[in-house]
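Please open the structure in your viewer and keep the selection tool at hand. The stops below tell you what to select next and what you will find there.

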Amino acid sequence: MHEMSIALSIIEAIEAKAAGEGPGRVSEVELLVGRLAGIETESLSFCFEAAAKGTIAEGARLAIEEPQGVGLCSECATSFPVSFYYAECPACRSLRVQIVSGEEFKIKSFTIEEEGK
Ligand SMILES: [Zn+2]
């Protein structure tokens with residue numbers, strides 16, 4: 001499953017970054033997942049929970065932000081929201097549309113709580 005390997009790579013990245021921070025537990029992870037990124041956020045949350053077991057991120061809350069897809073027409077420079085890759089310009093019907101937003105996928109931030117507090 002695609003989402004499981006994404007979940008694993010998120011945890012790997014968190015563990016790598018947290019390694020220098022001393023003992024603690026990740027309480028929250030903020031993700032940015034564009035609507036055109038091709039990632040099922042519900043499935044990702046589920047996989048993350050399973051993959052986090054026994055790691056520093058066990059029990060962490062996932063906060064997922066999903067930016068809208070935005071297309072930019074190469075013919076008339078109109079920008080408009082898109083929900084598919086093959087979008088048509090609403091102004092001039094051109095198919096020469098560039099996707100300028102909505103494909104992002106990144107870990108925005110995460111919170112580490114020190115142990116024993
Ligand atoms: Zn256009």
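Begin with the two domains, whose C-alpha centres lie 31 Å apart. To colour them, select residues 1–67 together with 102–117 as domain 1, and residues 69–101 as domain 2; these bounds come from an automatic or database domain assignment. Where the domains touch, six residues of domain 1 and six residues of domain 2 take part, two residues being in contact if their C-beta atoms, placed from the backbone, lie within 7 Å. On the side of domain 1 that touches domain 2, there are two nonpolar, two polar and two charged residues; here Ala, Val, Leu, Ile, Met, Phe, Trp, Tyr, Cys and Pro count as nonpolar, Asp, Glu, Lys and Arg as charged, and the others, Gly among them, as polar.

Before you go on, note that this is a predicted model, in which local features need pLDDT of at least 70 and side-chain atom pairs count only at pLDDT 80 or more, while totals for chains, interfaces and linings use all residues. Residues are numbered from 1 along each chain as its sequence is written.

Next, select residues 2–18, which are helix α1, and residues 41–52, which are helix α2; helices (H or I, at least four residues) and strands (E, at least two) are DSSP runs, numbered from the N terminus. Two packed helices are described by the angle between their axes and the distance between the axes. The axes of α1 and α2 come within 8 Å and cross at roughly 55°, where axes are lines fitted to C-alpha atoms, for helices over the stretch in contact, and angles run from 0 to 180 degrees between N-to-C directions. The two helices α1 and α2 are therefore oblique to each other, since angles under 35 degrees count as roughly parallel, over 145 as roughly antiparallel, 65 to 115 as roughly perpendicular and the rest as oblique.

Which residues of α1 meet α2? Show E3, M4, I6, A7, L8, I10 and I11 in α1, and then S43, L44, C47, F48, A51 and A52 in α2, which they meet. By class, the residues of this contact between α1 and α2 divide into eleven nonpolar, one polar and one charged.

Now move to the open sheet of three strands in the order β2-β1-β6, whose pairing is mixed; two strands pair if DSSP finds at least two bridges between them. At the edges are β2 (61–65) and β6 (105–114), each of which pairs on one side only, and the twist averages 20° from one strand to the next. Strand β1 (residues 24–33) pairs with β6 in the antiparallel sense over nine bridges; in β6, K106 is the bridge partner of L32, and T111 stands opposite E28. With β2, by contrast, β1 pairs in the parallel sense over five bridges, and A63 in β2 stands opposite E30.

Finish at the open sheet of three strands in the order β4-β3-β5, where the pairing is antiparallel. Strands β4 (79–82) and β5 (97–101) stand at the edges with a single partner strand each, so one side of each is left without a neighbour in the sheet. In this sheet the twist averages 40° from one strand to the next. Select β3 (residues 69–73), which pairs with β5 over four bridges in the antiparallel sense, and look for V70, which stands opposite S101 in β5.
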